[in-house]
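Here is a short briefing on the structure shown below.

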Amino acid sequence: MKYVLRRLLFYVIAAWASVTLAFFIPRMMPGDPTSTMFARFKGKLDPAALDDLRAAFGFTDGTLLEQYGVYLGNVLRGELGISIEYYPATVSSVIGNALVWTLVLAGVAVVISFTLGTLGGVLAAWRRGGWLDSTLPPLFVLLGAFPYFWLAMALLFVLGFQLELFPLGHAYDDRIAPEASWAFFSSVVGHAVLPAATIVLATMGAWMLDMRNTMIAVMGEDYIKLAVAKGLSPRRVMLRYAARNALLPNVTSFGMALGFVVSGSILTEIVFSYPGQGYLLLQAVQSQDYPLMQGLFLTITLAVLGANLLVDVAYAWLDPRTRQG
Amino acid sequence: MDALLSNRKALFGGAIMVTFLLMALVGPCFVQDPKGFVGLPLQPPSLDHWLGTTGQGQDVLAQTVAGARSSLSIGLIVGFSVVAIGALVGTTAGYFGGWVDDVLSTVINVFLIMPGLPLMVVLAAYLPPGPGSIALVLILTGWSWSARVVRSQALSLRRKDFVAAAQVAGERPLRIIAVEILPNMTSLLVSAFIGATNYAIAAQVGLEFLGLGEVSAVTWGTNLYWATNDAALLTGSWWTFVPTGLAVALVSFSLVLINTALDELGNPRLRSERAFVQALGLRAISPDEPTPVVRRPS
């Protein structure tokens with residue numbers, strides 16, 4: 001319990017730090033932040049609405065400290081201002097719509113990649129020096145050298161544009177209405193396969209290598225020798241004794257890798273015009289939609305922090321040693 | 001150094017790296033003007049333009065060669081700065097311990113856990129576009145990783161006898177860190193430098209691909225940015241994005257190779273693993289046996 005509380009405190013600090021960063025970044029930049037941020041609103045909003053928006057970001061009269069207080073209150077209430085690109089929609093509603101797609105795409109891809117990578121690592125370590133161990137790790141090192149989004153571009157080019165096996169972008173076919181029908185569901189799955197495969201391909205290697213290395217270390221332990229010596233089947237020793245214990249350190253690296261996966265899926269979404277957080281971020285950058293950009297930064301960062309907290313709780317539950325200490 | 005030259009991985013990785021560095025240094029003198037309009041747009045590779053032309057009628061080969069200069073120099077500068085900051089923060093936290101360590105570790109961990117790309121995008125969007133801004137953004141988001149590695153190494157070094165001896169002799173902390181601790185983690189710092197350079201090149205290409213760099217400059221990232229903007233995928237002009245992607249991948253691959261080779265030199269267990277497994281394979285012994293016995297009594 002003490003462990004979980006300590007981690008909780010850390011995440012509260014991390015969340016506060018990212019919210020504060022989002023507040024100070026526009027204020028530390030050269031020039032007048034308000035005019036950079038709101039210049040693009042001119043003509044779109046009447047002056048009264050513009051003042052409301054300034055208030056939403058804490059650009060009110062008063063000292064920096066007072067501005068900060070107003071801003072913190074707004075963030076806590078989930079009021080992130082109005083998007084320029086999607087005017088008059090609020091930033092929170094625009095992000096909310098896109099969040100579903102990112103969660104589906106990145107969530108499924110991460111689970112598949114972690115499962116496949118871990119299994120691959122277990123098998124590679126178990127048959128050390130075997131064909132799996134001598135082909136896959138170098139292959140993944142090579143794949144990992146390419147920029148993430150470049151792999152996505154190459155895959156999209158070959159499989160989408162040249163061979164026409166997969167749709168070229170977006171989350172579902174425009175001709176199908178988004179409803180609970182089989183046609184819509186299969187269209188969503190068809191559109192998600194290639195982007196998800198890219199994320200899996202690019203992230204699997206790291207988990208596989210991690211798992212392989214911890215497996216090899218665990219396999220040198222005495223209890224493995226004992227398990228073999230007492231005549232347990234190799235399968236049982238591999239899965240129940242070695243893999244189970246090697247998985248534990250990998251759970252923590254799972255949390256650490258989430259940030260990397262999120263960054264990668266942002267780029268993947270951009271290449272595939274997949275309407276998630278990443279695609280939205282690109283649109284925000286291109287149209288200089290600063291409120292939306294900041295909202296996205298906060299949502300993505302807080303989501304990664306939340307996921308890490310869950311991983312830590314899971315770790316405390318999996319590893320009895322953390323509960324004692 | 002002799003050991004490094006006899007390592008196949010180091011030799012291969014080093015050769016690629018030297019080729020690219022030479023290309024970045026003198027290459028632009030041998031190719032056409034990378035920004036000039038030299039032919040019809042989107043021409044496939046031909047004798048005139050070995051790697052074809054871009055959507056703006058520029059020579060792809062010239063752009064790839066010219067892009068190396070900016071991408072590699074920013075990569076090396078950021079790599080160096082990241083390790084310098086990491087060494088400063090890491091050794092301070094590791095050596096002094098106590099509340100200094102608590103505060104610094106929390107800061108390091110907060111930066112580690114924040115997803116890098118959104119932070120980079122927000123920072124780069126507010127800064128005026130240019131190589132300086134990109135470098136600053138990459139340093140701000142990248143220092144924490146090397147600080148963590150250095151800190152844990154400093155923690156274990158400060159418990160060593162020679163540090164205790166220096167303390168008893170009355171050396172100042174600054175001198176102990178600079179003379180006793182830092183030289184003893186040279187290999188760690190070198191490998192952190194290579195890793196950070198790799199990160200910086202990849203992240204810079206990613207940011208510029210999003211259009212957050214100076215889009216009129218010729219770098220590997222802007223090459224890819226223009227390739228997608230000129231509908232490279234739709235028009236089937238693979239030659240506008242494949243050469244740059246391969247160049248980035250080759251540089252990154254060579255850095256990974258050099259780092260692995262350095263690891264193997266420092267840790268003989270890694271080096272011998274392959275030879276060991278091969279030797280066992282020759283004698284038809286599975287390496288999974290708890291205690292493989294190579295020489296059997298005849």
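In this predicted model, residues 138-162 of chain A are 92% helix and 0% strand. The end C-alpha atoms of that stretch are 28 Å apart. UniProt, in an unreviewed entry, lists residues 138-162 of chain A among its "transmembrane region" features.

**Annotated spans of chain A**
- The UniProt record also places "transmembrane region" at residues 7-25, 98-126, 182-209, 246-272 and 292-318 of chain A.
- Residues 7-25 of chain A are 100% helix and 0% strand.
- The end C-alpha atoms of residues 7-25 of chain A lie 26 Å apart.

**Overall make-up of chain A**
- Chain A has 13 helices and 0 strands.
- Chain A has 325 residues, and 39% of them count as buried.
- Take the contacts in chain A between residues at least 6 apart in sequence: 70% of them join residues at least 24 apart.

**Nonpolar core**
- The largest nonpolar core holds 161 residues.
- A:M293 and B:V121 touch the most other members of this core.
- Helix 3 of chain B, residues 60-96, gives the most to the core, with 15 residues.
- Beyond its neighbours within four places in sequence, A:M293 contacts A:L281, A:A284 and A:V285 in chain A.
- A:M293 also contacts B:V121, B:V122 and B:A125 in chain B.

**Interface between the chains**
- On the chain B side, 40 residues are in contact with 43 residues of chain A.
- The elements of chain B that give two or more residues to this side are helix 4 (98-113), helix 5 (116-126), helix 9, helix 11 (242-266) and helix 12 (268-282).
- Helix 5 of chain B gives the most to this side, with 9 residues.
- The chain B side divides into 30 nonpolar, 9 polar and 1 charged residues.

**Helix 9 against helix 10 in chain B**
- Helix 9 (residues 186-209) and helix 10 (residues 220-229) of chain B pack at an angle of about 35 degrees.
- Their axes are 7 Å apart.
- The crossing of helix 9 of chain B with helix 10 of chain B is right-handed.
- Helix 9 of chain B brings B:Q204, B:V205, B:L207, B:E208 and B:F209 to the contact.
- Helix 10 of chain B meets them with B:W220, B:G221, B:T222, B:L224 and B:Y225.
- The residues of this contact divide into 6 nonpolar, 3 polar and 1 charged.

How values were computed. Residues numbered from 1 in each chain as written. Chains lettered and ligands numbered in written order. Predicted model: local features only at pLDDT ≥ 70, side-chain atom pairs only at ≥ 80, totals over all residues. UniProt positions renumbered as here; feature names shortened; annotations may be inferred. Helix = DSSP H or I, 4+ residues; strand = E, 2+ residues; numbered from the N terminus. Axes fitted to C-alpha atoms, helices over the stretch in contact; angles between N-to-C directions. Left-handed = near helix turned anticlockwise from the far one by under 90°. Contact = placed C-beta atoms within 7 Å. Nonpolar A, V, L, I, M, F, W, Y, C, P; charged D, E, K, R; others polar. Buried ≥ 20, exposed ≤ 12 C-beta atoms within 10 Å, placed from the backbone. Core = buried A, V, L, I, M, F, W, Y, C linked by C-beta atoms within 7 Å.
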